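Q: I have a structure open and would like to go through it piece by piece. Can we start with the strands?

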Amino acid sequence: MVPKVVFGSNSFDQIDTIILPERNGVAPFIYLIDSVFENNKSFIEDRIPLSGTDKIIYISTAEEPKTSQVDDIVTHIKQNYQYVPSGIIGIGGGSILDLSKAVAIMLTNPGSAADYQGWDLVKNKAVYHVGIPTISGTGAEVSRTTVLMGPERKLGINSDFTPFDQVILDPNLIKDVPKDQWFYTGMDCYIHCIESLDGTYLNAFSQSYGEKALDLCKEIFLENNLSREASDGKLMMASWHGGMSIAYSQVGVAHAMSYGLAYVLGTKHGIGNCIVFDKLGKYYPEGVAIFKKMKEFHNINLPKGVCANVTEEQLDTMTNVALSLEPLWENALGADWKSEINADMLKELYRSL
């Protein structure tokens with residue numbers, strides 16, 4: 001679990017006092033920030049108390065985070081600094097938070113980030129790392145995984161060393177998120193809940209978080225009686241609870257298929273989940289029905305014909321990536337999942353997107 005968390009409007013302004021005890025002599029803090037804020041320095045950069053050789057690195061999230069991208073950042077830091085950083089501070093959405101977790105891990109572990117895609121492969125404790133979300137829904141701020149596109153597949157570095165040491169939840173940081181992005185990322189949280197609560201891995205610990213996150217999602221996305229400030233605060237907590245639910249269970253069919261879609265077509269995670277989940281009424285009838293109501297309530301039109309022009313070879317790759325995520329299928333369909341789904345059935349689902 002994340003050992004320390006601060007929540008509240010403008011809590012971001014406490015960052016100096018929060019990280020100060022972790023500063024190790026002249027070793028710098030490295031800030032990895034979503035490049036969407038590069039032209040709005042007053043919102044993030046001007047509020048960061050840089051000291052000594054501290055550095056801000058702006059990172060584009062136009063594409064899903066990659067293992068090669070993590071390796072490049074780690075190499076850059078090692079080449080430019082004499083000392084291992086005091087800490088890595090990620091400020092952004094799920095992509096930046098995942099990159100930050102991965103960089104913190106790879107600063108203390110040898111090889112490439114791709115070597116650690118899987119479960120419990122990390123041997124050495126990561127450097128101190130802080131997560132500050134500027135969009136809510138992914139649960140990346142609280143999860144024990146960092147999902148990366150590798151040379152062979154999209155898969156997380158799942159380990160006890162992955163979670164942040166400190167998270168700052170400031171609802172003011174998510175106030176200007178565009179509506180479509182707000183919806184897609186919020187639905188990542190909703191889909192986490194459905195896949196967790198309907199799964200065979202469910203236990204009472206995971207269930208308690210999942211049920212609370214689901215209640216918050218319904219309040220935020222199906223009712224119209226919350227102020228934006230109240231909605232943002234609740235969405236931050238829904239994301240947190242949804243991430244906690246997944247940390248102690250697992251996701252399911254939508255995430256497995258979304259990973260395949262992302263690997264081949266580069267589809268971003270939030271919208272990819274929505275595109276897939278919309279077609280999964282067979283697996284999650286009640287969850288999909290409510291999702292369609294939410295979509296209609298907020299006038300969201302999902303892309304159609306996403307796989308209309310994919311080749312057979314691309315379909316094979318998508319299917320292989322999705323089916324390789326065995327824990328997700330076992331959670332969704334049970335221990336005998338291989339008798340419930342196969343490559344041909346999965347291809348039909350992909351063709352329907």
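Q: Which residue stands opposite Lys 154 in β8?
A: Met 149 does. Strands here are DSSP runs of E with at least two residues, and helices are H or I runs of at least four, both numbered from the N terminus. This is a predicted model, where local features need pLDDT of at least 70, side-chain atom pairs count only at pLDDT 80 or more, and totals for chains, interfaces and linings use all residues. Residues are numbered from 1 along each chain as its sequence is written, and side-chain values use heavy atoms, without hydrogens and water.

Q: How many bridges join β7 to β8?
A: Three, and the strands run antiparallel. Two strands pair if DSSP finds at least two bridges between them. A hairpin of four residues connects β7 to β8.

Q: And what about β5 and β8, parallel or antiparallel?
A: Parallel, over two bridges. Trp 119 has Asn 158 in β8 as its bridge partner.

Q: Why is β8 largely enclosed by the rest of the structure?
A: Because five of its five residues, 154-158, are buried. Buried means under 20% relative accessible area, exposed means over 50%, and partly exposed is in between (1.4 Å probe, protein chains only).

Q: New topic. What is the strand order in the open sheet of six strands?
A: The order is β1-β9-β6-β4-β2-β3, with parallel pairing. The edge strands are β1 and β3, and each pairs on one side only.

Q: Which residue in β9 is the bridge partner of Val 130?
A: Gln 166 is. β6 and β9 pair in the parallel sense over two bridges.

Q: Now helices. At what angle do α7 and α8 pack?
A: About 120°, with their axes 9 Å apart. Axes are lines fitted to C-alpha atoms, for helices over the stretch in contact, and angles run from 0 to 180 degrees between N-to-C directions. The two helices are therefore oblique to each other. Under 35 degrees counts as roughly parallel, over 145 as roughly antiparallel, 65 to 115 as roughly perpendicular and the rest as oblique.

Q: Which residues of α8 make that contact?
A: His 269, Gly 272, Asn 273, Val 276 and Phe 277. Contact means heavy atoms within 4.5 Å.

Q: And how do α5 and α9 cross?
A: At roughly 30°, with axes that come within 9 Å. These helices are therefore roughly parallel to each other. On the α5 side, the contact is made by Cys 217, Lys 218, Phe 221 and Leu 222.
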